[in-house]
Amino acid sequence: MAYDASTLPDVSGLTVGIIGGTGDQGRGLAYRFARAGQRVLIGSRSADRAAEAAAEIAALPRLPAGVDVTGADNDEVARRSDVVVVAVPWDGHAATVGALAGPLAGKIVVDCVNPLGFDRQGPYALPVAEGSAVQQAAALLPDSRVCAAFNHVSAPLLADPEIDRIDLDVLICTEDRELVDIVGALAARIPGMRGIYAGRLRNAHQIEAFTANLIAINKRYRAHAGIRVTDL
């Protein structure tokens, strides 16, 4: 079955919350979704920090008039959002996600966290007891609809207002097939992107770990490499 963006659902009315929205990846995704006209909420442990980041994103060029980008603490963002992207550092992943189990009940949760370590030889994948970051999130959020996506989308590309298209595929792992279309539709709001189903949650480990390879590629070739799946 070929990829067909025309079959994707309309997600333009969904509110997208970014937990960890003050970090590079979170800010970049927030900017791209806002640039597409999506309502975006920036979350942080500090409501003031979140509001400051939201104001900075709202002031960036090429956002449509009247786009809504606001900040609040993580709990409020989780409650007010339809889709919540988790973009926090790995070392705070379990604590942050676990604390939001209540407000995230019934919500779509997109985990883009990569458990990586760094030493003199560069980045490397860390072992995760549950198998992957998204499987840890799923264990902590039994009442949420969880998937992995946006794991290795370049933060500098997302944040650069001069870049109109980001030509890459977003690999989506989930047990909930309906999420593939919803999250794929959100990815397609960013020109050049496609959301591609990449298997169940148990397949997310290698996708998260592959980010270490992309970092090595980027360093060697001074690039912002992504992934494109052929024959779709």
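A residue is called buried when its relative accessible area is under 20%, and exposed when that area is over 50%. F150 has 2% relative accessibility and therefore counts as buried. The model is predicted, and the points below are grouped by topic.

- Eight strands make up an open sheet with mixed pairing, and their order is 3-2-1-4-5-8-9-10.
- The edges are held by strand 3 (69–73) and strand 10 (193–197); each has a single partner strand, so one side of each has no neighbour in the sheet.
- On average, neighbouring strands of this sheet are turned by 25 degrees against each other, direction ignored.
- Strand 5 (residues 108–111) pairs with strand 8 in the parallel sense, over four bridges.
- D111 has A148 in strand 8 as its bridge partner.

**Helices on the sheet**

- Helix 5 (residues 133–140) packs on the sheet and touches strand 5 and strand 8. The direction of helix 5 makes about 175 degrees with that of strand 8.
- Helix 7 also packs on the sheet, where it touches strand 1 (15–19), strand 4 (83–86), strand 5, strand 8, strand 9 (168–174) and strand 10. Between the directions of helix 7 and strand 10 the angle is about 165 degrees.

**Nonpolar cores**

- In soluble globular proteins, nonpolar side chains tend to be buried together.
- The largest nonpolar core has 42 residues, of which F33, I42, V110, F150, V170 and M193 touch the most other members.
- Helix 7 (residues 177–188) gives the most to this core, with seven residues.
- A second, separate core has 26 residues, including V86, V97, V109 and A133.
- Leaving aside neighbours within four places in sequence, F33 is in contact with V16, Q38, V40, F150, L186 and I190.

**Two residues with positive phi**

- Most residues other than glycine have a negative phi.
- F150 has a phi near 65 degrees, a positive value in a residue other than glycine. F150 lies in the loop between strand 8 (145–148) and helix 6 (155–159).
- D231 likewise has a positive phi, near 65 degrees, and is not a glycine. The place of D231 is in the segment after helix 8 (204–221).
- Is each of these residues buried or exposed? F150 is buried at 2% relative accessibility, whereas D231 is exposed at 80%.

**An exposed phenylalanine**

- F118 is in strand 6 (residues 116–119). Its relative accessible area is 57%, so F118 is exposed.
- Not counting residues up to four places away in sequence, F118 touches P123, Y124 and I215.
- F118 and A212 are 94 residues apart in sequence, and their C-alpha atoms are 9.3 Å apart in space.

**Cysteines**

- A disulfide is a covalent bond between the sulfur atoms of two cysteines.
- How many disulfides does the structure hold? The number is zero.
- For C147, the closest cysteine sulfur is in C173, at 8.9 Å, which is too far for a bond. The cut-off for a disulfide is sulfur atoms within 2.5 Å.
- The closest cysteine sulfur to that of C173 is in turn the one in C147.
- C147 counts as buried, at 0% relative accessibility, and C173 counts as buried at 1%.

Terms used
Residues are numbered from 1 along each chain as its sequence is written. This is a predicted model: local features need pLDDT of at least 70, side-chain atom pairs count only at pLDDT 80 or more; totals for chains, interfaces and linings use all residues. Side-chain values use heavy atoms; hydrogens and water are left out. Buried means under 20% relative accessible area, exposed over 50%, partly exposed in between (1.4 Å probe, protein chains only). A nonpolar core is a set of buried Ala, Val, Leu, Ile, Met, Phe, Trp, Tyr and Cys residues joined through side-chain atoms within 4.5 Å. Contact means heavy atoms within 4.5 Å. Two strands pair if DSSP finds at least two bridges between them. Axes are lines fitted to C-alpha atoms, for helices over the stretch in contact, and angles run from 0 to 180 degrees between N-to-C directions.
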